[in-house]
Amino acid sequence: MAEQSPALDNLLNESRTFPPSEEFSAQANATAELYDEANADRDAFWAKQAERLHWETKWSQVLDWSGAPFAKWFVGGKLNVAYNCVDRHVDEGHGEQIAIHWVGEPGDTRDLTYADLKREVSKAANALASLGLRAGDVVAIQLQMVPEAIIAMLACARLGVLHSVVFGGFSPTALRARVDDAAAKVVITSDGQYRRGKAAPMKTNVDEALEGAESVQKVLVVRRTGSDLTDEVPWTDGRDLWWHELVDDQSEEHTPEAFDSEHPLYILYTSGTTGKPKGILHTSGGYLTQAAYTHNVVFDHKPGKDVYWCTADIGWVTGHSYIVYGPLANRATQVVYEGTPNTPHEGRHWEIVQKYKVSIYYTAPTLIRTFMKWGKEIPESYDLSSLRVLGSVGEPINPEAWIWYRENIGAGKAPIVDTWWQTETGAIMISPLPGVTSAKPGSAQRALPGISAKVVDDQAQEVGNGGGGYLVLDQPWPSMLRGVWGDEQRFRDTYWSRFADQGFYFAGDGAKYDNDGDVWLLGRVDDVMNISGHRISTTEVESALVSHPTVAEAAVVGAADPTTGQGIVAFVILRGNAKDGGDEAVQELRNHVAKEIGPIAKPRQIMVVPELPKTRSGKIMRRLLRDVAENREVGDVTTLADSSVMDLISSGLGSGK
Ligand code: WT7
């Protein structure tokens with residue numbers, strides 16, 4: 001497995017524990033007995049969790065694993081996911097409860113009750129149906145954090161139409177690849193978006209992406225920036241429609257149809273070890289069950305009392321499971337914020353927490369480290385006393401950040417839940433339970449009740465306490481992915497071939513047990529980087545680099561970064577006829593990658609080198625490049641085809657940094 005960085009060593013020397021307060025435990029949703037209950041009869045445990053939902057037809061079997069690795073959960077059951085997230089709460093008398101406190105970046109706000117949401121989702125569903133969309137069709141959504149993003153997702157779910165949400169920061173090339181892969185018939189976007197105080201075009205990029213896209217029949221455009229946008233919104237007559245023109249006049253009545261528990265709900269693309277992103281497929285009943293269950297026990301959520309805020313973007317799985325499906329299924333009142341955390345000032349999040357009395361706050365370590373950098377004086381000047389549970393997701397949280405989070409945001413007492421999961425797992429898998437677990441800063445600790453995870457060695461043997469290896473999931477779980485869109489082989493190869501004999505799901509993460517048997521995540525063991533909690537593959541960035549005419553060869557590594565967890569460092573060999581590798585050339589390459597993939601993939605640093613370190617079989621030795629990128633002494637070079645290459649690289653550096 002991958003060698004450890006100094007930051008990880010630090011993590012592993014951490015030994016503080018924070019037992020829950022009696023006061024918290026007394027009122028907690030979770031209890032220690034949940035573990036025993038799930039261990040005694042896993043199927044019965046999940047059957048009970050599924051009762052959180054409204055089923056039009058009850059299932060006849062909890063789990064059918066006979067077609068492994070393709071699971072079927074709640075077999076024979078029928079439900080409508082949108083009904084469960086919206087109408088049900090209205091039917092049960094909670095129509096006037098706020099579902100969403102939306103806060104726009106420029107300061108405009110909008111509150112939607114569950115009754116409002118039901119009306120908007122019904123109208124949007126009627127609108128999508130009027131375009132001819134039917135169950136099983138695919139709609140791509142590239143929208144910033146506006147209420148219409150959530151409404152559009154729920155409208156799709158209501159119709160049994162799959163959504164494929166594409167992060168707003170992804171390039172036209174990336175959007176197009178996703179639209180083509182799933183043959184999306186409709187794309188939903190906006191005219192423009194507010195970003196760091198400015199209105200930036202969005203539709204223009206979508207148009208560039210969709211040039212010649214054969215599957216796309218209609219483009220629905222939400223008006224957000226309007227006249228704040230300097231450029232005119234490009235328009236294709238016959239294809240493009242304003243969201244408000246189509247949706248506003250629709251009937252507010254829409255009868256939800258119940259779909260099979262295994263009916264596909266959505267596709268979400270994520271980076272793998274090859275250049276082509278994988279379309280992760282999630283289905284309905286099991287997914288919603290686990291999203292609702294975990295949101296309830298991990299965040300100790302109390303409907304009608306808590307104000308919940310997950311700071312993720314709906315472009316990522318966290319936004320799917322912990323902004324849209326889990327919280328809404330649980331009748332949460334939540335904050336949805338459109339903008340960046342430092343617009344117009346660095347206290348924006350705390351101002352929002354204070355205003356709406358947010359009680360549960362779920363964010364990523366990279367943002368916590370950014371808050372640390374900005375200084376504790378900023379949160380100190382707001383009233384954060386409403387906060388009672390804090391969450392973290394996306395990468396291992398370093399103990400310093402954990403402690404800072406607890407002291408400065410959680411008043412030294414709010415439990416922190418460090419939640420490990422993936423796009424593929426659909427919902428939280430490993431996490432402390434607030435009110436139950438004695439928390440350890442930096443450890444995700446234990447698989448949740450109903451979930452089974454192990455740390456195993458190369459031979460699939462579970463390692464002992466104190467030992468490290470690979471994280472695997474050795475039992476199916478309700479919200480597990482049901483495949484890679486259109487590529488069964490890739491699904492089998494990526495997740496199920498590494499430990500095929502045992503039938504383990506291979507997560508791609510290294511992990512370790514401490515002396516109490518708690519799990520500590522140690523980062524990816526494959527060629528996937530984790531930049532600010534976002535997954536980007538080294539190959540993806542390498543292909544973007546070599547698509548530039550001046551680049552002959554490229555190797556990319558993730559190097560430890562104090563703020564973003566990892567930063568992208570690229571080593572490139574320029575073509576013979578290319579000019580020098582000066583600052584300008586390097587800048588152009590960085591921008592090229594941003595244009596090909598999106599700004600999140602822009603390398604932090606590009607080094608122009610004469611050679612790349614390769615083994616005799618031609619494999620690039622990223623380990624050595626990581627040593628260079630992290631300013632360490634270069635490790636063992638004996639397996640290099642030419643051992644002098646590293647001297648060449650090290651001596652030639654200084655240029656292009
Ligand atoms: C990868 C999944 C889950 C939503 C956000 C990312 C890393 C995620 C943790 C955590 C250590 C974590 C893993 C995982 N990761 N959460 N609490 N501790 N590592 O979703 O893009 O699918 O990435 O993020 O490496 O495999 P994703």
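Helix α5 (residues 81-94) packs against helix α6 (residues 114-130) in this predicted model, with the two axes 9 Å apart and at an angle of about 135°. Angles from 65 to 115 degrees count as roughly perpendicular and those over 145 as roughly antiparallel; α5 and α6 are therefore oblique to each other. The crossing of α5 over α6 is left-handed. On the α5 side, the contact is made by Ala 82, Val 86, Asp 87, His 89, Val 90 and His 94, and on the α6 side by Tyr 114, Ala 115, Leu 117, Lys 118 and Val 121. By class, the residues of this contact divide into 7 nonpolar, 2 polar and 2 charged.

Pro 365, Ile 368, Arg 369 and Met 372 of α14 meet Ala 401, Trp 404 and Tyr 405 of α16. The contact of α14 with α16 has 6 nonpolar residues, 1 charged residue and no polar ones.

The domain assignment of the protein chain gives domain 1 (22-509) and domain 2 (532-653). Taken over C-alpha atoms, the centres of domain 1 and domain 2 are separated by 33 Å. Across the boundary, 20 residues of domain 1 are in contact with 18 residues of domain 2. On the side of domain 1 that touches domain 2, the elements giving two or more residues are α8 (172-182) and α14. The largest share of that side, 5 residues, comes from α14. By class, the side of domain 1 that touches domain 2 has 5 nonpolar, 12 polar and 3 charged residues.

Most residues other than glycine have a negative phi, and most peptide bonds are trans. The sites below depart from one or the other pattern.

| Site | Feature | Angle |
|---|---|---|
| Ala 68 and Pro 69 | cis peptide bond | omega about 5° |
| Thr 343 and Pro 344 | cis peptide bond | omega about -5° |
| Asp 300 | positive phi, not a glycine | phi about 55° |

Pro 69 is found between β1 (61-64) and β2 (72-75). Pro 344 lies in the loop between β17 (333-337) and α13 (348-356). Asp 300 is in the loop that runs between α11 and β16 (307-310).

As for confidence, the protein chain averages a pLDDT of 94, and 97% of the residues score at least 70. Within the protein chain, confidence is highest in helix α11 (residues 285-298), at 99, and lowest in strand β30 (residues 653-656), at a mean of 48. Where pLDDT is low, the predicted coordinates should not be read in detail. The model scores ipTM 0.99 and pTM 0.93.

Methods. Residues are numbered from 1 along each chain as its sequence is written. This is a predicted model: local features need pLDDT of at least 70, side-chain atom pairs count only at pLDDT 80 or more; totals for chains, interfaces and linings use all residues. Two residues are in contact if their C-beta atoms, placed from the backbone, lie within 7 Å. Helices (H or I, at least four residues) and strands (E, at least two) are DSSP runs, numbered from the N terminus. Ala, Val, Leu, Ile, Met, Phe, Trp, Tyr, Cys and Pro count as nonpolar, Asp, Glu, Lys and Arg as charged, and the others, Gly among them, as polar. Domain bounds come from an automatic or database domain assignment. pLDDT is the predictor's confidence in each residue, from 0 to 100. Axes are lines fitted to C-alpha atoms, for helices over the stretch in contact, and angles run from 0 to 180 degrees between N-to-C directions. Angles under 35 degrees count as roughly parallel, over 145 as roughly antiparallel, 65 to 115 as roughly perpendicular and the rest as oblique. A crossing is left-handed if the near helix is turned anticlockwise from the far one by less than a right angle, and right-handed if clockwise.
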